[in-house]
Amino acid sequence: MSGRIGILVAGSLLLAGTGCAPQLHYQVSKDISFVSYDENVAKGVSVGPIRGADCTWFVLGHVLGSQPTLDRALTNARQARGESVSDAVNGGMGTAVAGPNLRYLTDVSTDHDGFNAGFFGKTCLVVKGMGYK
Amino acid sequence: MKTTIGLVLAPLLMVGCADVCQSYLLVQMPAVSMSMRASQGQRATAIGPVNAKFCYGEPPLVSQDGTVGLIDEAIAKAEKQTGASYIADARFTQSCGCMILEGTAMRLEGAGPPPAAQGPRSYAVPPMADRAGLAKTIALHDRGACTRR
């Protein structure tokens, strides 16, 4: 009898503990102060907010091309391309003309974007920050 | 018989577990930092190679609002370990629920001494007579604070 009460008390404590524990959410990067594209870390001139993304289309659950990567999203942010689409058609070569080559970014964060229309959709990895030349 | 089965199964399980844990290179950047935004013309010196690892479930160093940036935490850990201003040739690898940062710790001129160079801190202990006086002063101060409130 006392054993059952013990199990009940332990279970309740465990549940209460789980309920009260703070939930942590993880993402690749949240707010990196400084990310440089070259070895020169000297202060530059701001060009304003920058966004770069790498996206993939999927149709009927099949991914066309490779999954979005941080590497390509950062490259697109550097060249102010906006986004590139990694699919079977253009092989992830980017969809816009190469812009200014930034030297570094500050306050860098990543996020996931896209849409799902049932039988087709798009998933993106987005990099945001302040660009400097 | 049981021993034979155990001897066959144990290596298979070990191989299986090793397969689950794959590591892959996420990104490589020439310089990253959590403690500076850009150098103000200071010269940078290399402290040495650094290897920091931040895993899911670890208490975060920089994220305070419940959202944890894995790269942010790995950089902050590397900078805290070495007293660096930034990490050069940073390689971020994701493996077994951990973000691993490998690179070279760099320090900017005038950025303050690294934690290791500070040495152990010592505090002077006042003699007994002074301690009594100090206790009286603290008590008076506390009483004053209570009165003010």
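Student: How many bridges join strand 2 of chain A to strand 6 of chain A, and which way do they run?

Tutor: Four bridges join strand 2 to strand 6 (residues 104-116) of chain A, and the two run antiparallel; strands count as paired if DSSP finds at least two bridges between them. Helices (H or I, at least four residues) and strands (E, at least two) are DSSP runs, numbered from the N terminus. This is a predicted model, in which local features need pLDDT of at least 70, side-chain atom pairs count only at pLDDT 80 or more, and totals for chains, interfaces and linings use all residues. Residues are numbered from 1 along each chain as its sequence is written, while chains are lettered from A and ligands numbered from 1 in the order in which they are written.

Student: Which residue is the bridge partner of A:Phe34?

Tutor: In strand 6 of chain A, A:Thr106 is the partner of A:Phe34.

Student: And what does strand 6 of chain A do with strand 7?

Tutor: Strand 6 and strand 7 (residues 120-132) of chain A are antiparallel and joined by eleven bridges, with A:Ser109 facing A:Lys128 as one bridge pair. The two strands form a hairpin with three residues between them, and A:Gly118 in that turn has a positive phi of about 90°.

Student: How many residues does each chain bring to the contact between A and B?

Tutor: Chain B gives 28 residues and chain A gives 27. On the side of chain B that touches chain A, two or more residues come from each of strand 1 (23-33), strand 3 (67-69), helix 2 (70-82) and strand 4 (86-95) of chain B, and strand 1 of chain B has the largest share, seven residues.

Student: Which strand of chain A pairs with strand 1 of chain B?

Tutor: Strand 2 of chain A pairs with strand 1 of chain B in the antiparallel sense, over three bridges, and A:Ser36 stands opposite B:Ala31.

Student: Back to helix 2 of chain B: is this helix largely enclosed or open, and why?

Tutor: Helix 2 of chain B is largely enclosed by the rest of the structure because eleven of its 13 residues are buried, among them B:Leu70, B:Ile71 and B:Thr82. A residue is buried if 20 or more other C-beta atoms lie within 10 Å of its own, exposed if 12 or fewer, and partly exposed in between, with C-beta atoms placed from the backbone. After helix 2 of chain B comes B:Gly83, whose phi is positive, near 75°.

Student: How many residues of helix 2 of chain A are buried?

Tutor: Seven of the nine residues of helix 2 (residues 70-78) of chain A are buried, including A:Leu70, A:Arg72 and A:Arg78. Just after helix 2 of chain A, A:Ala80 has a positive phi of about 50°.

Note on methods
Two residues are in contact if their C-beta atoms, placed from the backbone, lie within 7 Å.
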